[in-house]
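Reader: Could you walk me through the helices and the nonpolar packing in this one?

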Amino acid sequence: MPADPPHRAAEPQRSTTSPPLGGPATSAIEVRRSARRRRTVSAYREGDRTVVLIPARMSEAEEQRWVTVMLDKLAAQESRRRLGDAELAERAERLSSQYFEGRARPTSVRWVTNQNTRWGSCTPAEGSIRLSHRLRDMPEYVVDYVLLHELAHLLVPGHGPRFWRLLEAYPRTERARGYLEGVAAAGRLPHQPEPSGA
């Protein structure tokens, strides 16, 4: 569905401006409600602010949820420079140094296309980490979380308390897990507002 033009002179809009939701890329978020907009939600950058266009009928809770979704979508688009396996391995090394004092040392880190029911996997005995290609279009903090999750398995194979304590060091663990849960849940929803061109 094509994106609505950012501005329509005859279209009544209510605008609000709020501080960013944890993203350093913008200094403000402006939400514009439109009575003419029925189902689509879109967003774009305008200078140092992010403008999110939503239907006027949305509740405040829906507005907040869609602002978060659209900020994540924009971040994913902006960081879409496709990481190859070599860059992914470098990223894993950097994350291991930053959060695990360099103790997690994989022998290989690569993208795979055969993981449709899991985001990543690790074989500790071989030191190999594989990430699903579905992560490539997701925000960087989500990819970092999945990488850290698999790196942690090199140190603690199971999902016991020691494993989760390792991941507590990453400040965006809960947000990334929520994002991944939302992606999984959205795949099961019968209908939701359609995000149009960002």
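Predicted model: local features only at pLDDT ≥ 70, side-chain atom pairs only at ≥ 80, totals over all residues.

Reader: Which residues of H2 are buried?

Author: They are Leu-88, Arg-91, Ala-92, Leu-95, Ser-96, Tyr-99 and Phe-100, where buried means under 20% relative accessible area and exposed over 50%, with a 1.4 Å probe and protein chains only. Helices (H or I, at least four residues) and strands (E, at least two) are DSSP runs, numbered from the N terminus.

Reader: What do the buried residues of H2 pack against?

Author: They pack against strand S5 (108–112), strand S7 (128–132), H3 and helix H4 (161–167), with contact meaning heavy atoms within 4.5 Å. On the face of H2 turned away from its buried side sit the exposed residues Ala-86, Glu-90 and Glu-93.

Reader: Switching topic, which residues have the most contacts inside the largest nonpolar core?

Author: Phe-100, Leu-131 and Leu-135 do, in a core of 32 residues; a nonpolar core is a set of buried Ala, Val, Leu, Ile, Met, Phe, Trp, Tyr and Cys residues joined through side-chain atoms within 4.5 Å. H3 gives the most to this core, with 9 residues.

Reader: And how many residues of H3 are buried?

Author: In H3, 13 of its 16 residues are buried.

Reader: What does Phe-100 touch?

Author: Not counting residues up to four places away in sequence, Phe-100 touches Leu-95, Leu-148, Leu-151, Ala-152, Leu-155, Leu-166 and Leu-167.

Note on methods. Residues numbered from 1 in each chain as written. Heavy atoms only, no water.
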